[in-house]
Amino acid sequence: AVDLKKNHPNMVIVTGGFTASYFYREILEGYPQIDAVIRGDAEKPLIEFLTAIKNNRPWEQTANLAWREQGKIRENPIHYVAGEADLVGFSYSNMSVLNRWRTYVNYIGMPFIWAKGLDKPGNRRYFHLGPTLFPLNIGRGCTGNCTWCGGGARAQLLVNGRPSVTFRSPEQVADTAAEARGCGYEMMHIAFDPGKDAEGYYETLFPLMAKKTPEMRCYFESFSLPSAHFLEVFADTFNGQGSVIALSPETGQESLRHRNKSFSFSNESLMKTIGQAEQLGLRVDLFFSMGISGETHADLQATQDLRRRICRRFKNIGRIWTSPISMEPAAPWHVEPERFGIVATRRGFEDFVKAGSPSGSGLGYFIPGYYQGQSDSDAGEFERLLKSEKCRHHCGLHPNPAKYASPIMGRFHCFFMKQRTRSGLRKARMYSANGRNE
């Protein structure tokens, strides 16, 4: 953006998105190359803004717009929040507008890991769920306020002006899935579970998808515990041999789960739901967290114990992923870190810019006293200790997690991949020296 503005001083540069919406004042104050920010939903405001520029009209009529004028920041109210009528008019599966769109279809999948030392087929072999995965857009918003999440209800209202959850029409979602299938996608990825009210919506959607995309597979991330009836409808709709229900207990310690997770549940209820999924022939993936509010190192033992109990009791368990959580803008513990017992090291926009740079890193927070003997002012030490704990007891990195779900197999695969990627890097350098690679 700096070079663009330097070479084309009359060019108008506008940005948007969740992070830019939250930090719009800092961006306009600290980045003179940025002329304007569209806050919140931007589909219609962006068209309005481009039309105003093209016709040399004032910017005051563009909804959601903030801009710099003669050194002062001006802002229009957030009048536009996309509702159901708006979402019906948008296309989410028109792959033809992307250059080399088949690369997106064939190589972007779960888990979202990319090793630079491997070519595209190598990355697909070692870091891919298997079937091609399409992110199916269901709607916008949430009813929960999990402590770490920047997309919860309060954050949505604060950043986007969104007061409630909005669903796309089930008929249009089913059409989107069918169009995506026509592009070569083999599995739908649904990550939209704003609470129990969503189950009625999916009970309408799934039969429509069964008609338009029969035998389609689905990876469904369920933030709450799905009911037995939901699992039955899900199993009737999708190919049970390849579909997955992903559950997020976050921790084995129930009191911590209730403290941090809006859609909380007991360990007993979790086990019951996994058992119901097993009876229906559905695979279950599990996601746990490390370093959440109120947790200490000793609490990780409860997560280890729950993981072992699940693996011993059930045969339908696939990937078990345990990982620290990075700080997100507008998350409850970002807005009020003291309330949640953390020290935030990533507060302003510049902190997030540095963290996202090639040399940047860090979780963006630490918990004083998490480890016995840990310094209460060293965020780097906190992160190193968490990573070490994950490697020893919680590693889930393996291309066949359903068969090799143990941490020791994850560590073995991690070591193997380090050797593979180093070899790949050496080959890449050799080809470069010979002038044979792009």
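Let me start with Ile 53, which is partly exposed, with a relative accessible area of 32%; here buried means under 20% relative accessible area, exposed over 50%, and partly exposed in between, with a 1.4 Å probe and protein chains only. Please keep in mind that this is a predicted model, in which local features need pLDDT of at least 70 and side-chain atom pairs count only at pLDDT 80 or more, while totals for chains, interfaces and linings use all residues. Residues are numbered from 1 along each chain as its sequence is written, and side-chain values use heavy atoms, with hydrogens and water left out.

Ile 53 belongs to helix α4, residues 43-54, where helices (H or I, at least four residues) and strands (E, at least two) are DSSP runs, numbered from the N terminus.

Now to the salt bridges, each being a side-chain nitrogen of Lys or Arg within 4 Å of a carboxyl oxygen of Asp or Glu. Side chains of opposite charge can pair when their charged atoms come close. The structure holds 15 salt bridges, and one of them joins the side chains of Asp 41 and Arg 140, at 3.2 Å from N to O. Because Asp 41 lies in the loop between β2 (36-38) and α4, and Arg 140 in strand β6 (residues 139-140), this pair ties together parts that are 99 residues apart in sequence. Asp 41 counts as buried at 8% relative accessibility, and Arg 140 is buried as well, with a relative accessible area of 16%. Both take part in a network of salt bridges that links Asp 41, Glu 43, Arg 140 and Arg 162.

Finally, the aromatic rings: a search of the whole structure finds 25 aromatic pairs, where rings of Phe, Tyr and Trp (its six-membered ring) pair if their centres lie within 6.5 Å, and planes under 30 degrees apart count as stacked, over 60 as edge-to-face and the rest as tilted. The rings of Phe 206 and Phe 234 have centres 5.9 Å apart and planes at 70°, so this pair is edge-to-face. Phe 206 and Phe 234 are both buried.
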